[in-house]
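The entries follow the order in which I looked things up.

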Amino acid sequence: MPHTSIVAFKMAYRNITRRKFRSALTILGVVIGIATIVSLMTVGYGMRTQVKTTLNEMLGAGIILSSRSGAVDVPEHVKDMVLNVSGVKEAVPVITTLVNVGEQPVFTVGINPEDATRLYHVSLEDGRLLKPDEDDGVIFGASTAATLGIKINDTVTLNVQGGGVGKKFHVVGFLRAIGAGELNIGCFITLKAAQQLLNREGYVSNLLIVLDDPSKGEYVEQTLRDMFEDASVVREEELMRHIDRIMNVINGVLIALGSISLAVGALGILNTVMMSVHERRREIGMLKAVGAERWHVLFLFLSEALIISIIGGLIGCGLGLAGVYLIQWLVSMIGLNLTVPLLIAPDILVGAFAVAIIIGIIAGIYPSWKASNVPPVEALRYE
Amino acid sequence: MFRRWRRLDMNSIVELHKVVKIYELGEGIEVQALRGINLKVERGEFVSIQGPSGSGKTTLLNMVGGLDKPTSGKVVIDGTDITPLGEKELARFRREKIGFIFQFFNLVPLLTALENVELPMLFSGKLSDREIRERAVDLLKLVGLEKRMHHKPTQLSGGEQQRVAIARALANEPAIILGDEPTGNIDRATGRRIIRLIQNLNETLDQTFVIVTHDPAVAEASKRRLFMVDGRLESQPPKEVSTVSPDALKAERRQLLLAELLWLKTSLKALEERREELHPEAYRRAFLSYKTRLEKIKKLAYRYASKRREHR
């Protein structure tokens, strides 16, 4: 009986439009719930992607070896010992540190230019790359350069944090964003320049170790641990897993927050359909008197809940995406230089919409069942 | 055009055998709304049933229409004993055999006149969508409303709404159309036109009607007049129909007793809940006074109920 369903939908829809204000409030409840979920999850998803790409930029290697303290005190010659471990393809010495440009802290990587191009797959926005041994040259990330107002051929002083003498560098190029995320590394100088700047010649902060074969990771990690008891040895895979765990917790909290507003939306639907059933007892009795069966009545009221949740779900998804822009704008207003990429994940949208519909059904089933229980004699009861 | 849908056998449409309906009001108090009704209505009859409110007219209509079940006795409609039918079968029975006309029209306010007439046919699902639409239009023409068929009930006058309801009642070619005060909520002149329409359908389509009413005009128009007095069906009007009947007074008294009974029970419960906060003596006194009154009322109510049983 497809036509019966169409009529039920029509009646449900007309009842919703008849009680415009009430329906609008109910729909608003669903909209807020869905929009919260969509925007929070989209931001969460963006953050996860962001963190991962940044990590990839920084590591791009299988294993990082660094000193426990995080200071620049890994002797450079350790590289040769590491290269002797079977399974290791390459070991790249780097210095990662924060330096000040004026008052602004900038994340700086000191690396030999030929290693950098091999490891980072960099692409230039403007200018050129550093030449080997160009120890007075610096390449800035495009967004950092924009923030600092630096142009190519400028001379910039990099100051070591916590005092020490600064050093002048010549700006030769700007790096473009890499992959999906924006480049978060502030600037590149040569390894030697970094050592000189920090006054730690012969030492590096990290060795980025590239493996022959990812499956050997565990073995290499263990060997390195045995060889250098004082060093911290971190496998990228493990780090990623760790970060995933943290992001899952954050995501869980976001979903819990959104669920609260969704529960409120569900209660709104429950209340609205309940009221509708209560007001229309005689009408339900009449429908039964003229031959409606239980399921006809059930379907009629369930349609009402369903229409509310479909409309709420659609608007909620749209508003949720708009909410992401709002959050981005708020973050930038606070002045945080932390751009969360707006990544529209279709599965989040589809999931949220499905959740809206499921909630509509769950919230609608009880009042609809109540309606289907109204006895037909109600049609002849006058009060 | 409607005649060809009628069956030609002339058996009786309604047969009630010793139908009794007792409503349990709780606390051992019961009201006998129907006291053993026997009734036979033949095809093509137009029966009116008059009686004061509370005499059981609506209950009788509920029984014949399959809206409610008798406590005892048998209800046979168009050859089917509906007494043992389950909920689903009763729904099917109602949409196939019964048409209803109500005092307050009971149209679905969300649907147009045309859609309201279509409803019973949609529920039964026997005709295609096009046939349903065509038949609904034909029926609205029959009651003289073809020009208003796309209007919603709120845009129609009372008389027009009742005509839509009559068209709806006719939709599934019911064996019988039951009316509950069809002229009770419209002005006299419009009421006359509704009565004439019913008479017309009765004569031209041989449509059977049983109508419960206060309206003498409806009764006069009917072919057979019956009277409902205190749960019984009479063929003669009772002598004191114009004054307030002692039965009505009794019913009122019974209701008051019941109301007080319920109130006392609630009070007792509330007292029990507040027991901790009260002085023991205050609690005892209140409890006793409630309890004494409750016993008294119970006795009274019980005597009332048993008296009525003896009366039978």
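Is the crossing of helix 3 of chain B and helix 4 of chain B left-handed or right-handed? I looked this up first, keeping in mind that this is a predicted model. The crossing is right-handed.

Entry on the helix pair. Two packed helices are described by the angle between their axes and the distance between the axes. I noted both: helix 3 of chain B packs against helix 4 (residues 129-142) of chain B at an angle of about 125°, and the axes are 9 Å apart. Angles of 65 to 115 degrees count as roughly perpendicular and those over 145 as roughly antiparallel, so this pair is oblique.

Next I listed who meets whom. Helix 3 of chain B contributes B:Ala113, B:Leu114, B:Val117, B:Glu118, B:Met121 and B:Leu122. From helix 4 of chain B come B:Ile132, B:Arg133, B:Arg135, B:Ala136, B:Val137, B:Leu139 and B:Leu140. By class, the residues of this contact are ten nonpolar and three charged, with no polar ones.

Entry on the chain contact. I found 27 residues of chain B in contact with 23 residues of chain A. On the chain B side, helix 1 (57-64), helix 2 (87-97) and helix 3 (113-124) each supply at least two residues. Helix 3 of chain B gives the largest share, five residues. I sorted the side of chain B that touches chain A by class and got 13 nonpolar, seven polar and seven charged residues.

Entry on the strands of chain B. Strand 1 (residues 12-26) pairs with strand 2 (residues 29-42) in the antiparallel sense, over eleven bridges. One of the pairs I wrote down is B:Glu24 with its bridge partner B:Glu30 in strand 2 of chain B. The two strands form a hairpin with two residues between them. In that turn, B:Glu27 has a positive phi of about 55°.

Strand 1 of chain B also pairs with strand 4 (residues 72-77) of chain B, again antiparallel, over five bridges. Here I noted B:Val14, whose bridge partner in strand 4 of chain B is B:Ile77.

Entry on chain A. How many of the nine residues of helix 9 (residues 281-289) of chain A are buried? I counted seven, and the helix is mostly covered. The buried residues are A:Glu283, A:Ile284, A:Gly285, A:Met286, A:Leu287, A:Lys288 and A:Ala289. After helix 9 of chain A comes A:Gly291, with a positive phi near 115°.

Notes
Residues numbered from 1 in each chain as written. Chains lettered and ligands numbered in written order. Predicted model: local features only at pLDDT ≥ 70, side-chain atom pairs only at ≥ 80, totals over all residues. Buried ≥ 20, exposed ≤ 12 C-beta atoms within 10 Å, placed from the backbone. Helix = DSSP H or I, 4+ residues; strand = E, 2+ residues; numbered from the N terminus. Pairing = 2+ DSSP bridges. Contact = placed C-beta atoms within 7 Å. Nonpolar A, V, L, I, M, F, W, Y, C, P; charged D, E, K, R; others polar. Axes fitted to C-alpha atoms, helices over the stretch in contact; angles between N-to-C directions. Parallel < 35°, antiparallel > 145°, perpendicular 65-115°, else oblique. Left-handed = near helix turned anticlockwise from the far one by under 90°.
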